[in-house]
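Work through these exercises with the structure open beside you. Take each solution one step at a time.

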Amino acid sequence: MAVPGASLVPILLLGLGIRLAAAHSPAGVECILFNEEYMTCTWGSGQTLTANYSLYYWYENRSPVAECKQYLWERGVRTGCRFEQSEIIQFQPFHVRVNASQDGRILEIPSNRMELQNLVKPEAPVNLTIRNMSSNQLQLTWSSPYPKAHCLEHVVKYKSNKDTSWMEVKGDIFSFPSVDYEKFYTFYVRSKINNYCGSTQLWSEWSVPVFWGSNTTSKGMAEEQLQWFWIHTVLIPIASCLLLLVLVVLLVRMERVWVIIMPRIPNPNKNFDDLFITHNGDFQEWVGVPKDVVESFKPNYSESICHVSELPYEPLQDSIHPPGVPGPQEHGPYKNSYVGA
Amino acid sequence: MSHAFFRSIFRVLPLLLVLSPVNSSSCTMGNKTTEIRVKYENILSHDIEELVNISAEYRDRCCKNKRHEHNKVFFCNDTQEIESLQSMACNMLKFFNKQKINKEFRRKAALVSCGTLQVLQCKCGRHKKEKVCMQVNAPNNEDTETVEQLKKKCNQEFCELKENISSLRSCWNKFEKIISR
C-alpha cells in the first residue's frame, strides 16, 4: 500500500519545484563591477521574489566555495550580494550559485562562468573643461575616476540650441573645428573599457554636462523665448479676432457678397403685378386667352324653366276601387314634387 | 683520488642539465612594455579580435560538456603574464596541422600565435614550433568552406583551440592593464 504514496512523492516534489520556479524565480544572476571598486550580483527585485535566497561563489582553481558576506535587501527579501574590492579577482573564471529555499525545499539556480574584467562599468567622466583654441575651434577635455585611463574609450555627445538631434563622436580628446558664436552648445561624455583591456558592453553613465555659449546668448535666448511666448499667446489670437471681425463687417455691408451667403426667399409678387394693376384681376385677359375661345364657353341657346310637381295624396272610398288595386293616388304616402327642366 | 673527483663532477653535470627548468623564459622583450603596448594595440589586438569573432560564430554546444579547466596552459599567472602568453601561443601552434579543424581558422589562429611570439620576442623551447610561422604567412589559395558548413563541425580539438584563443585574449587584456598603469 506504500506504492501509491511513493508515487505521489516525486509528483509533490515536482510540483514544489515548479512552484518555486514559477513563483517569480530569478531570470539569472547579473554581476557588475563598478569602477573596479566594488561589485554587485543581483538576481531580481523585491517585488517579484518571495523565497529565501543565498549566494555562494568561487574562483576556478583558486578558492573554496564561500558565501556572500553582504547581502542586498529589498522589501525584506535578499535580492543581491555586494562584493568588496578585496573579494574581487579579475582574469580568473568566477562562478556564482544562488540557492532559493522555501517551505524547507531548496532550488539551486546556477549561473554561467564569468570573467569579471568583462563586467567592469567605469564611473562617469568628471571635470569637463572647454577651451577656446585659435580660429573658432573648441577643445573639450575631461578626466576619469577610473585608475587606468589607457584602458578607456570615450564618446562625446553634443548639441546646439538650434539642433534637433545629438551628435556622438569617439575620442580621447574632443575638438570642435568651427563653432558658431550665435549658438549655445551642450556637451556630455561617457566611457567604457576598451578592447585592449577587456571585452565589455557596459558604458558608464553620462557625465554632468558642460555648456558653451556667451552669457548674452543665453540671456538673449530667454528674452527671445519670452517674446515668442507673447507672440504666440497674446498677439496672434488678438490679431486673428480683429481680422475675423473686419471680415464679418465687410460681409454684412457688401450686399453682393451677403446675398450669395444668405440668398433671399423668392417672392413671386412682382410677377402678378400686371394681373392686379393692369388687368383688374381678369385672369383670362392677363393670361391672354383668345376671345373666340372665351365666347365658345358661353351658351348660345336659352331654355324656359319647366316646373314639375306631384299632386297631394288623398285616399278614396272602397266602393270605387277594388281592394288590392291601388289608385293613381296610392303610390305611397309620400308627397313628391320636383321641378323639371 | 683525482678520477673520483672527476667522476663526481660528471655525475653532477648531467644532473644539473636534467634538473634545469625546461620552461625557462626565452622571451627577450622583457621590460620594453611601451614597445609591446604599441605593437599590441596597433596590430595584434585587431587580429585577436577578428579571431575571437570568428571563433564565436562556431557552435559552442558540443564544447560545453568538456572544459579543460585544469589545463595549466590556459592560466595567466600573476606576475608571469609574458610567460603565460608565450605558453599559450606555443600551445596554439600545435593546432596548425590538425586536419579536423578548418584550414583558414587554423591559419588565423597560428597568425595570432606567431604575432604574440614576435611582439614578445619569444621562442617555443626545444620543439621549435615557431617554424610553423614561416608557413603561416604563405597565402591560402584553396577554397574555403562556407560559414554554415563550418558551424556544423565540432570536435574536441576545435573546442580546445577555442578555449586557448579565449585564454590568450584574456591574458593579453590582463597584461595590457598591468602595463597601462
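**Exercise 1.** How many salt bridges does the rule count over all chains?

*Solution.* The model is predicted. Over all chains, the count comes to 19 salt bridges.

**Exercise 2.** Which parts of chain A are linked by the salt bridge of Glu36(A) with Lys148(A)?

*Solution.* Start with the distance. The closest N and O atoms of Glu36(A) and Lys148(A) are 3.5 Å apart. Now place the residues. Glu36(A) lies in the loop between β1 (30-34) and β2 (38-42). Lys148(A) lies in the loop between β11 (138-143) and β12 (152-160). The two are 112 residues apart, so the pair links distant parts of the chain. Both Glu36(A) and Lys148(A) are buried.

**Exercise 3.** Find the salt bridge between chain A and chain B. Which residues form the pair?

*Solution.* The count between the two chains is one salt bridge. Glu36(A) pairs with Lys177(B), and their closest N and O atoms are 2.5 Å apart. Next, sort the side of chain A that touches chain B: six nonpolar, seven polar and six charged residues. The contact takes 19 residues from chain A and 20 residues from chain B.

**Exercise 4.** Is Lys121(A) buried or exposed?

*Solution.* First, find its partner. Lys121(A) forms a salt bridge with Glu205(A), the closest N and O atoms being 2.8 Å apart. Lys121(A) sits in strand β9 (residues 120-121), and Glu205(A) in the loop between β15 (185-193) and β16 (210-212). Then apply the cut-off. Buried means under 20% relative accessible area. Lys121(A) has 18%, so Lys121(A) is buried.

Key. Residues numbered from 1 in each chain as written. Chains lettered and ligands numbered in written order. Predicted model: local features only at pLDDT ≥ 70, side-chain atom pairs only at ≥ 80, totals over all residues. Heavy atoms only, no water. Contact = heavy atoms within 4.5 Å. Salt bridge = Lys/Arg side-chain N within 4 Å of Asp/Glu carboxyl O. Nonpolar A, V, L, I, M, F, W, Y, C, P; charged D, E, K, R; others polar. Helix = DSSP H or I, 4+ residues; strand = E, 2+ residues; numbered from the N terminus. Buried < 20%, exposed > 50% of the residue type's maximum accessible area, 1.4 Å probe, protein only.
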